[in-house]
Amino acid sequence: NGRVGALIRYAINKKVLCFLGEASYIAAFTVFKNQENINIGDNCSVHEFCYLDGAGRIRIGNDVSIAHGSSLVSFEHGWNDAEKSIKYNSIKYESIVIEDDVWVGAGARILAGAYIESRVIVAAGAVVKGRLRSGGVYAGVPARRVKEI
């Protein structure tokens, strides 16, 4: 879990992710699913116990930090067919985009269809659905702009 572990994780993820930029850090115990649809830019960090599912595509820009315990899930279950349990209803795939210079706080949830513009802070525990405009701090469930930066 030291420097050697980080280099090994980087080398492995460089091969399995769609793209992994230079000087990016992937911590131990990070889970990637559908990794062929995940792009992570330069100088990014994804910390311990994060979960990223790229079924609907995930694109992360440069200089992004995703704190421990955060989830990025690029699909959602439908519930319109009452003849089927929700678990077996259709799945809707929507990309997640995180532009440059974003900090995602611990335990945040970034949901399908989220678009986070550059220079944004997502507070710990926030749930993001939809677009977060540049230059703000967003907090809450659902995430709302609470401060300018």
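Three bridges join strand E16 (120-122) to strand E19 (residues 136-139), and the two strands run parallel. Strands here, labelled E and at least two residues long, are DSSP runs numbered from the N terminus. Two strands pair if DSSP finds at least two bridges between them. In E19, Gly136 is the bridge partner of Val120.

This is a predicted model: local features need pLDDT of at least 70, side-chain atom pairs count only at pLDDT 80 or more, and totals for chains, interfaces and linings use all residues. Residues are numbered from 1 along each chain as its sequence is written, and side-chain values use heavy atoms, with hydrogens and water left out.

Now follow E19 onward. Four bridges join E19 to strand E20 (residues 144-148), and this pair runs antiparallel. Tyr138 stands opposite Arg145 in E20. The hairpin of E19 and E20 has four residues between the strands. In this hairpin, Gly140 takes a positive phi near 105°.

Strands of a sheet pair through backbone hydrogen bonds, either parallel or antiparallel. Strand E15 (residues 115-116) and E18 are joined by two bridges. There, Tyr115 has Arg131 as its bridge partner in E18. The side chains of these two residues also meet: the charged end of Arg131 sits over the ring of Tyr115, 4.1 Å from its centre. A charge sits over a ring if NZ of Lys or CZ of Arg is within 6 Å of the ring centre and within 35 degrees of the ring normal. Lys14 does likewise with Phe19, its charged end 5.6 Å from the ring centre.

The largest nonpolar core has 31 residues. Such a core is a set of buried Ala, Val, Leu, Ile, Met, Phe, Trp, Tyr and Cys residues joined through side-chain atoms within 4.5 Å. Buried means under 20% relative accessible area, exposed over 50%, and partly exposed in between (1.4 Å probe, protein chains only). Ile40, Leu52, Ile60, Leu72 and Ile116 have the most contacts inside the core. Strands E4 (38-40), E7 (58-60), E12 (96-98), E13 (102-104) and E16 each supply at least two of its residues. Take Ile60: beyond four places in sequence, its contacts (heavy atoms within 4.5 Å) include Ile40, Cys44, Leu52 and Leu72.

Asn37 lies in the loop between E3 and E4. Is Asn37 buried or exposed? At 15% relative accessibility, Asn37 is buried.

Where is the aromatic pair? The whole structure has one such pair. Rings of Phe, Tyr and Trp (its six-membered ring) pair if their centres lie within 6.5 Å; planes under 30 degrees apart count as stacked, over 60 as edge-to-face and the rest as tilted. Phe29 and Phe49 are stacked, 5.1 Å centre to centre with 5° between the planes. Phe29 is in the loop between E2 (25-26) and E3 (31-33), and Phe49 in the loop between E5 (45-46) and E6 (51-53). Phe29 is exposed at 55% relative accessible area, and Phe49 is exposed at 55% too.

Last, the cysteines. The structure has zero disulfides, a disulfide being a pair of cysteine sulfur atoms within 2.5 Å. For Cys18, the nearest cysteine sulfur is that of Cys44, 14 Å away. Cys44 is buried at 4% relative accessibility, whereas Cys18 is partly exposed at 44%.
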